[in-house]
Amino acid sequence: MATDITRRRAIKALGLAGATGLAGCSSGGDTTPTSGDGTATSGDGGSGGTDTVRAAFVFNSLVGDQGWSWAHDQGRQAVDEQYDWLETDFSEDVAPADARTVFEQYVQEGYDIVFGNTFGYMDTMVSVAEQSPDTLFEHCSGYQTAENLGRYFGRMYQARYLAGIAAGMLTEADSLGYVAALPIAEVIRGINAFTLGARSVNPEATTKVRWTNTWYDPPTEQEAANALIDQGVDVMAQHQDSAAAVQAAAEADIWATGYDAPMLEQGGDNYVTSPIWHWEEFYGPTLEAVHEGSWESDFYFEGLDEGIIGLSEWGPEVPDDVKSSVEETHSAIESGDTDVWADSKFADADDATLFQDMGSYVEGVEGSVPE
């Protein structure tokens, strides 16, 4: 119920915090995305700019100390500290069924822009945006836009590919494990990119997948990881909000890559790295555009070259040759010399397919995508 929604006044960060994180978003639908120009600039929704920008962030889960919403809030804190003309507030643990109440409350309170961080908010945000033409909205991971509603995501598959390169070089069994949340395009995209990265340096590497059908359930995630370990995998990857799979890998003395947040503490000497988000790279330019009165609706879908995604620090035992290979490919992806999907079944896929229609595995992933 709406009365259960947690509202906390945003406390300004003491310094810029690096953002990380994803899980909790999904993708879908049949509207073809049209990529923006890589910057969250904008138009008449800004109404000529404003001296003070009031921005509200609505999160589908608790902020906590890891995970999807934590990463978004790190981005919020970073921009809140950076701009003296910015005032932010946030609501956490807001179920999609309760989102309308929260969105409408921020509209009534006179906020200039409202960000929603999960796919499940899409239909409600579209409806509220239509009813509130003087308020701007930005929706993460959806496929609908309106004059006062933009949408945003990032090419996390590029960071997954880099983590896959590390996994492909580290495995001795040529068998990788992947604890996955829900069988949707977003997650399948990550599995495929991770596998392609591994096989780019080790053509014998294959990926075994275990689905949890939840974004956050540490016991289930650990159970899935242990099942993969029992099947002989010696490098673990994940698309989850907790570090349970990383912890299971550490206990089994195998390598592990995390997600959303740096997970060195949980992985110890077995930790490799984590694909992470830097949401301030989107929130900053977007809020500047609101402040300047230049905001306009678009689809932000950028990657390594814009800094919206990346890798966390390396684990203490990762060999130098692994780091060098990953860093070399990182530069090649940034420059456009390397395409994650080249030589795969998705080599000619457009952004619409990559973003919302990817529903099958590339070569090297064992099994089939569950219905």
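Is Phe299 buried or exposed? Phe299 counts as buried, because its relative accessibility is 1%. Buried here means under 20% relative accessible area, exposed over 50%, and partly exposed in between (1.4 Å probe, protein chains only).

A quick word on what you're looking at: this is a predicted model, where local features need pLDDT of at least 70, side-chain atom pairs count only at pLDDT 80 or more, and totals for chains, interfaces and linings use all residues. Residues are numbered from 1 along each chain as its sequence is written, and side-chain values use heavy atoms, with hydrogens and water left out.

Now for the rings. Searching the whole structure turns up 28 aromatic pairs; rings of Phe, Tyr and Trp (its six-membered ring) pair if their centres lie within 6.5 Å, and planes under 30 degrees apart count as stacked, over 60 as edge-to-face and the rest as tilted. One of them joins Phe57 and Tyr283 edge-to-face, at 5.0 Å centre to centre with 90° between the planes. Phe57 sits in strand 2 (residues 53-58) and Tyr283 in helix 9 (residues 280-292), so this pair ties together parts 226 residues apart in sequence. Helices (H or I, at least four residues) and strands (E, at least two) are DSSP runs, numbered from the N terminus. Both Phe57 and Tyr283 are buried.

Back to Phe299: this residue pairs edge-to-face with Phe355, at 5.0 Å centre to centre and 65° between the planes.
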